[in-house]
2 protein chains.
Amino acid sequence: MNASQRREGLIALLRSDRNPTMGDLALELGVSVRTVRRDVAALRLRGMDIEGERGRGGGIRFARFAPLPPLYLEEHEAVGLWLSVQLSHLVSGIPFSRGSQTAVNKVLASLPEQRRRNLRRLAERIIVAGTASENIRASMGETVPTLLSAFERCFSEGRCLGFDYQDRKGARTRRRIEPHGIFVDVPVWYIVALDLDKDAIRMFRMDRISNPRALRQGFEPSQEVLETFLAETDAPASRRLSGG
Amino acid sequence: MNASQRREGLIALLRSDRNPTMGDLALELGVSVRTVRRDVAALRLRGMDIEGERGRGGGIRFARFAPLPPLYLEEHEAVGLWLSVQLSHLVSGIPFSRGSQTAVNKVLASLPEQRRRNLRRLAERIIVAGTASENIRASMGETVPTLLSAFERCFSEGRCLGFDYQDRKGARTRRRIEPHGIFVDVPVWYIVALDLDKDAIRMFRMDRISNPRALRQGFEPSQEVLETFLAETDAPASRRLSGG
DNA sequence: CATTAATAGGTCAGTTCTTGGCCTATTTGG
DNA sequence: CCAAATAGGCCAAGAACTGACCTATTAATG
């Protein structure tokens with residue numbers, strides 16, 4: 001029996017037995033007390049709330065009544081968490097950053113199947129490209145405060161988005177788009193979209209958008225639009241859900 | 001990371017990713033393909049229904065319903081998650097970033113009481129200051145790969161840390177410190193510490209550290225050291241762990 | 001139909017990790 | 001004060017893991 005099997009057995013024993021001593025468990029599991037002690041320490045490190053009572057008559061047990069609130073994340077929260085971790089990984093070499101990747105994987109894995117599927121579909125439409133050049137940084141303007149909520153809603157619910165757009169030359173035009181993807185080049189981001197009027201795939205920089213509004217019209221989010229766009233623009237390496 | 005931790009990570013990945021290849025998983029987990037193969041074999045032995053598809057375009061996946069795993073985050077994972085969200089908030093106005101804050105609060109709230117307390121104590125010792133100037137960015141060097149794991153361990157377990165340090169003028173000295181705090185100025189970070197030999201509070205930049213090693217000697221992590229340091233240096237506004 | 005990309009798994013040497021024994025410190029009940 | 005229990009440091013011997021290299025097999029692609 002290897003360590004991980006034995007630890008599963010230990011958990012089972014802790015569930016059934018009321019208040020065993022380390023000695024009891026050692027006998028039961030056929031290993032030394034020192035090893036049981038180490039196993040318990042390992043389970044505690046893994047986050048299990050096992051309490052020990054010292055002194056004569058003592059023992060260990062799962063902490064009484066720890067009715068943990070079930071983890072319910074809304075879609076935008078789960079996506080936000082995932083995106084935060086991806087973004088922070090652009091800055092490598094910060095303490096605990098490796099842990100954040102495994103953590104977000106665990107969190108996402110602990111969500112119910114249906115939600116996980118939706119999430120994957122959403123995340124596949126988000127490309128974290130890298131960090132913007134000084135030029136772009138310097139030229140970056142403010143984001144209209146109403147854009148975020150309108151865009152988040154349209155992007156995840158599959159609704160078309162309307163806004164006024166100011167292009168590089170300063171010309172303003174009114175647009176109606178299907179927002180299929182997000183392209184992030186920290187701290188700038190772009191909407192990769194099908195322009196309904198021009199019937200062509202276009203990229204819209206967030207700080208050039210004004211008067212955003214969710215439209216009635218829905219659309220079928222498609223990764224294809226994003227793929228096509230990426231293929232055309234010869235984009236750099238990207239981060240996908242649990243993909244590095 | 002040991003084998004059982006890695007296998008947990010593997011399960012999480014298999015639940016999140018659609019149909020990864022052994023190669024994908026190996027990259028993600030930082031081990032060889034052969035080891036992933038062995039891990040998958042071990043999980044199958046443990047009764048998990050993981051099916052593999054051979055040939056080009058193949059991969060592996062859970063065959064049917066894999067039971068919902070309980071969410072167990074290790075300390076470094078929880079801290080990493082929290083820190084990632086704090087860091088990503090330095091870049092405001094990215095879609096879904098507001099959701100990430102409430103998400104991380106929910107996740108932390110779902111951890112057992114004991115762990116939440118530890119976590120809060122750890123997070124209180126981390127200061128996310130802001131973004132470094134171009135000057136600092138340009139002068140930034142590489143981080144020694146072994147520093148992260150040694151430092152993470154010493155920082156969270158309350159162990160002293162030893163290393164060689166090269167100061168601004170290029171002089172190299174050997175140091176022994178109590179790492180009380182982390183000061184992050186993206187993408188640079190500093191250890192705020194008590195220098196044991198000089199008996200004074202000092203800040204050490206991560207890219208000037210070499211030959212890090214965990215020392216036997218322990219210490220009592222104290223927020224006071226960090227506070228003192230911050231008061232002395234007139235540091236900018238900081239982010240702390242909220243709500244948890 | 002050859003090539004390529006994938007799963008699957010055998011073998012072996014080197015290394016790392018686990019284990020048990022022994023130890024100290026601390027807490028608790030009698 | 002003593003006995004029993006948790007808690008955990010340290011160390012040597014041994015077990016298990018890991019990566020490299022290998023073969024076999026399967027499936028898609030051109």
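Let's start with DNA strand C. It has 23 residues around it, and the closest are A:Arg6, A:Thr35, A:Arg38, B:Met22 and B:Arg34. A residue counts as near a molecule or strand when one of its heavy atoms lies within 4 Å of it. Of the atoms of DNA strand C that come within 4 Å of the protein, sugar and phosphate account for 62%.

A word on the source. This is a predicted model, where local features need pLDDT of at least 70 and side-chain atom pairs count only at pLDDT 80 or more, while totals for chains, interfaces and linings use all residues. Residues are numbered from 1 along each chain as its sequence is written, chains are lettered from A and ligands numbered from 1 in the order in which they are written, and side-chain values use heavy atoms, with hydrogens and water left out.

Now some contacts with DNA strand C. A polar side-chain atom of A:Thr35 sits 2.2 Å from a phosphate oxygen. Bases are touched as well. A polar backbone atom of A:Arg56 is 3.3 Å from a base oxygen. B:Arg37 has a polar side-chain atom 3.3 Å from a base nitrogen. Helix 3 of chain B gives the most to this surface, with four residues. Helices (H or I, at least four residues) and strands (E, at least two) are DSSP runs, numbered from the N terminus.

Next, DNA strand D. Which residues are closest to DNA strand D? They are A:Met22, A:Arg34, B:Arg6, B:Thr35 and B:Arg38, out of 24 that surround it. Sugar and phosphate make up 64% of the DNA strand D atoms that come within 4 Å of the protein.

A backbone N or O atom of A:Met22 lies 2.8 Å from a phosphate oxygen. For A:Arg44, a polar side-chain atom is 3.0 Å from one. For B:Ser32, a side-chain N or O atom is also 3.0 Å from a phosphate oxygen. Helix 3 of chain A gives the most to the surface near DNA strand D: four residues.

Last stop: strand 4 of chain A, residues 159-166. Six of its eight residues are buried, so strand 4 is largely enclosed by the rest of the structure. Buried means under 20% relative accessible area (1.4 Å probe, protein chains only).

What does strand 4 of chain A pair with? One partner is strand 8, residues 209-218, antiparallel over five bridges. There, A:Gly162 has A:Arg213 as its bridge partner. Strand 5, residues 172-186, also pairs with strand 4, antiparallel over six bridges. Pairing needs at least two DSSP bridges between the strands.

Methods
Polar contact = N/O pair within 3.5 Å; in protein donor to acceptor, adjacent residues only side chain to side chain. Buried < 20%, exposed > 50% of the residue type's maximum accessible area, 1.4 Å probe, protein only.
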